[in-house]
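User: I would like to learn how to read a protein model step by step. Could we begin with a single residue and then widen the view?

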Amino acid sequence: MKGLVIKNTGSWYLVKTDDGQSIECKIKGNFRLKGIRSTNPVAVGDRVQIVTNNEGTAFITEIEDRKNYIIRRASNLSKQSHILAANLDQCMLIVTVNYPETSTIFIDRFLATAEAYRVPVCLVFNKTDRYGEDDLRYLDGLMGLYTHIGYPCFKVSAITQSGIDELRKELEGKVTLLSGNSGVGKSTLINAILPEQNLKTGEISDYHNKGMHTTTFSEMFPVDDQGGYIIDTPGIKGFGTFDMEEEEVGHYFKEIFQYSAHCKYGNCTHRHEPGCAVQAAVKEHLISESRYTSYLNMLEDKEEGKYRAAY
């Protein structure tokens, strides 16, 4: 029997079969994906084959080839990865410039990882109803920066519904991963797009101005009858780089990759080499300093060989 994994709790998987059933499944202890050391060999969005035994227990026996997937390093400092979702048409990264603030380093790490796994991303700037003039100016600056680089941006408020219709159109017929730091309003946003889901929403910690986790597992929600789904994932605090060689990191920053073609040396790391076109572009404000800082920050990951949190 074939189906789609629509929920992963860490201990079992909910599979929606091709004939419309929803079946809770386990995986056998020796089930591992070739070539991927992962904390979760099966991910939401996977197409799978399942079998049931005489006791009525269902097991996932095979994963069909993935179109793509997106991973992050597991947050326990291990060398393993955690697959966020598979077979995606796009990612939407939910960003807040305050309550709490999403760092540009976090944004850029996410974008670089998505580039590495060939998943298109758009940025959704949420909580516009809460911002003062300074926050709104900063938001417009970020939207200008990322739109110029080539990432579509949306300005929304899940509370007032501003921009929600435009966002809903962007989701039609597509499998979309929603991600972001804890507290950026992902669950509230999904409730605004799909009111029937009535997801639990959380509070922001006043002391740290950071979000508290409300989603504890990944789940898919149908958006329409054209194959559109939203994948909700637990809020992410940091985004460690994974499976990138030092000389590859710059390939996943679109504008750095563009200017690197003019560097004097083919293996330029864009830090101290003479004739570096990227450093020249930063000085001339053709590449933003925040993006260049994020690039250097990711190179530090590779040198230290460990996960670094975004905060």
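**Reading a predicted model**

Analyst: Leucine 88 lies in the loop between β7 (81-86) and β8 (90-95). Please keep in mind throughout that this is a predicted model.

User: Is leucine 88 buried or exposed?

Analyst: A residue counts as buried when its relative accessible area is under 20%. Leucine 88 has a relative accessible area of 2%, and therefore it is buried.

User: Which residues does leucine 88 touch, leaving aside those up to four places away in sequence?

Analyst: Leucine 88 touches Lys67, Asn68, Ile70, Val119, Val175, Leu177 and Ile231. Distance in sequence and distance in space can be read side by side: leucine 88 and proline 120 are 32 residues apart in sequence, while their C-alpha atoms are 8.8 Å apart in space.

User: What share of the contacts in the protein with a separation of 6 or more comes from residues 24 or more positions apart?

Analyst: Such residues account for 65% of those contacts. In the protein as a whole, buried residues make up 51% of the 311 residues, and the accessible surface comes to about 14,900 Å², of which 47% belongs to carbon and sulfur atoms.

User: How many helices and strands are there in the protein, and how do the axes of α1 and α2 cross?

Analyst: The protein has seven helices and 15 strands. For a pair of helices, one looks at the distance between their axes and at the angle of crossing, and here the axes of helix α1 (residues 104-116) and helix α2 (residues 133-149) come within 13 Å and cross at roughly 25°. Angles under 35 degrees count as roughly parallel, and α1 and α2 are therefore roughly parallel to each other. Their crossing is right-handed, and the residues that meet are Thr104, Ile107, Asp108 and Leu111 in α1 with Tyr138, Leu142 and Tyr146 in α2.

User: How many disulfides does a search of the whole structure find?

Analyst: A disulfide is a covalent bond between the sulfur atoms of two cysteines. A search of the whole structure finds zero disulfides.

Conventions. Residues numbered from 1 in each chain as written. Predicted model: local features only at pLDDT ≥ 70, side-chain atom pairs only at ≥ 80, totals over all residues. Heavy atoms only, no water. Disulfide = S-S within 2.5 Å. Helix = DSSP H or I, 4+ residues; strand = E, 2+ residues; numbered from the N terminus. Buried < 20%, exposed > 50% of the residue type's maximum accessible area, 1.4 Å probe, protein only. Contact = heavy atoms within 4.5 Å. Areas by Shrake-Rupley, 256 points an atom, 1.4 Å probe, with all protein chains shown as cover. Axes fitted to C-alpha atoms, helices over the stretch in contact; angles between N-to-C directions. Parallel < 35°, antiparallel > 145°, perpendicular 65-115°, else oblique. Left-handed = near helix turned anticlockwise from the far one by under 90°.
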